[in-house]
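Work through the exercises below with the sequence and the coordinates open. Each task is followed by a solution in steps.

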Amino acid sequence: MDLSTSFMGHHIQSPLVLGASPLSDSPDHCRELQDCGLGAMVMESLFMEQIEAEHRARFGRSGPGDDPDPERGPTAYLEKVRQLVDALDIPVIASLNGTASGAWARYAKLIEQAGADGLELNVYYLPLDDTESADDVEQRHLSVLTQVKESVQIPVAIKLTHFFSSPVNLGRRLQRAGADGLVLFAPLFHTDVDLETFTVIPALHGSDAGDLGSRLLWLAAMYGRVKCPLTLSGGAHTHLDLIKGVMSGASAVQMTTAILRGGPDHAASVLAGLRSWLEGQELESIQQLHGTMSLLQCADPQAFERANYMKALQTWKR
Ligand SMILES: Cc1cc2nc3c(=O)[nH]c(=O)nc-3n(C[C@H](O)[C@H](O)[C@H](O)COP(=O)(O)O)c2cc1C
């Protein structure tokens, strides 16, 4: 059974990729996942704020609220890249997290020099400034990508939510700006209101099955029209979710919550389930499924369109 696929220009042994998370703190853990058949891994992010805090501390300009953490700062991050690259045979993708181009993005070069096989950019932020237009928000993504692409040779992918007026159009603009991959992800950061203390509670929840649908939809809409590899990162917990992601247009599927919860055993069972499902369908390769449920290729493209939305509402029953 051929599970191999491509991910950010790398040929990988399986479409299952570990998404950015603290699991990258442990090379031993990552090695166990690799031995279970993981295709590649993404490290947790180095944040723009961590780089800037260390820079201010180094030049004696830190102030209240600046508390650089040497364990999680940029120097420690570069060391972690080296350790993971030494420990693993699969591609190790580093991750930079920041919301506007700036001096911090020079770390991309240092990450490349530390040996990373690629870089994932996460530009996610909440556009709470009412003077910032939708185009300004998109422009931030484009300018961070352009700045990083100018400084490195390794492949650069960008993580994208679907919370844009026209996600496919933005995907195409990012691809034309040089993105070597788009990762459609679900932000897990939520806010709630505590009615006992009258405070806002920020919280990070793991994903659940409800997070998958939107990503399948936008993968299906982008496949074949955004001409760089697409990856799913949000709501994939089982081999069946992975199969749906590939059919919708993903060449690889990142899993984070499910692997954080279930560890290497879960990764192994996803890949065993995938193999046995493909055998049951008498398929020889995962590639035979790629994009088959995309908007361009599926037998019933109307399933994605407004007419179907109307029908779904009209046929609702209690
Ligand atoms: C504990 C935890 C830490 C995470 N850290 C990062 C991070 O550092 N950078 C990032 O881009 N995404 C981060 N994510 C988001 C995941 O990479 C992924 O996009 C998200 O969890 C959705 O995928 P899932 O449904 O497979 O969990 C984190 C998620 C979790 C649960």
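**Exercise 1.** In this predicted model, find which residue of strand 7 stands opposite Leu121, then describe how the two strands are joined.

Solution. Step 1: the residue opposite Leu121 in strand 7 is Ile158. Step 2: strand 6 and strand 7 (residues 156-160) run parallel and are joined by 4 bridges. Step 3: between them the chain passes through helix 5 (residues 134-151), giving a right-handed β-α-β crossover.

**Exercise 2.** Determine in which sense strand 5 and strand 6 pair, and identify the bridge partner of Ser95.

Solution. Step 1: the pairing is parallel and extends over 5 bridges. Step 2: Ser95 has Glu120 of strand 6 as its bridge partner. Step 3: the chain reaches strand 6 from strand 5 by way of helix 4 (residues 107-113), and this β-α-β crossover is right-handed.

**Exercise 3.** Explain why strand 6 counts as largely enclosed.

Solution. Step 1: take as buried any residue with 20 or more other C-beta atoms within 10 Å of its own.

**Exercise 4.** Characterise the shell around the ligand.

Solution. Step 1: the ligand is surrounded by 24 residues, with Gly19, Ser45, Ser207, Thr256 and Thr257 the closest. Step 2: strand 4 (40-47), strand 5 (92-97) and helix 9 (257-280) each give two or more residues to the shell. Step 3: by class, the shell holds 8 nonpolar, 13 polar and 3 charged residues.

Key: Residues are numbered from 1 along each chain as its sequence is written. This is a predicted model: local features need pLDDT of at least 70, side-chain atom pairs count only at pLDDT 80 or more; totals for chains, interfaces and linings use all residues. A residue is near a molecule or strand if its C-beta atom, placed from the backbone, lies within 6 Å of it. Ala, Val, Leu, Ile, Met, Phe, Trp, Tyr, Cys and Pro count as nonpolar, Asp, Glu, Lys and Arg as charged, and the others, Gly among them, as polar. A residue is buried if 20 or more other C-beta atoms lie within 10 Å of its own, exposed if 12 or fewer, and partly exposed in between; C-beta atoms are placed from the backbone. Two strands pair if DSSP finds at least two bridges between them. A crossover is right-handed if, with the strands pointing away from the viewer, the path from the first strand over the helix to the second runs clockwise.
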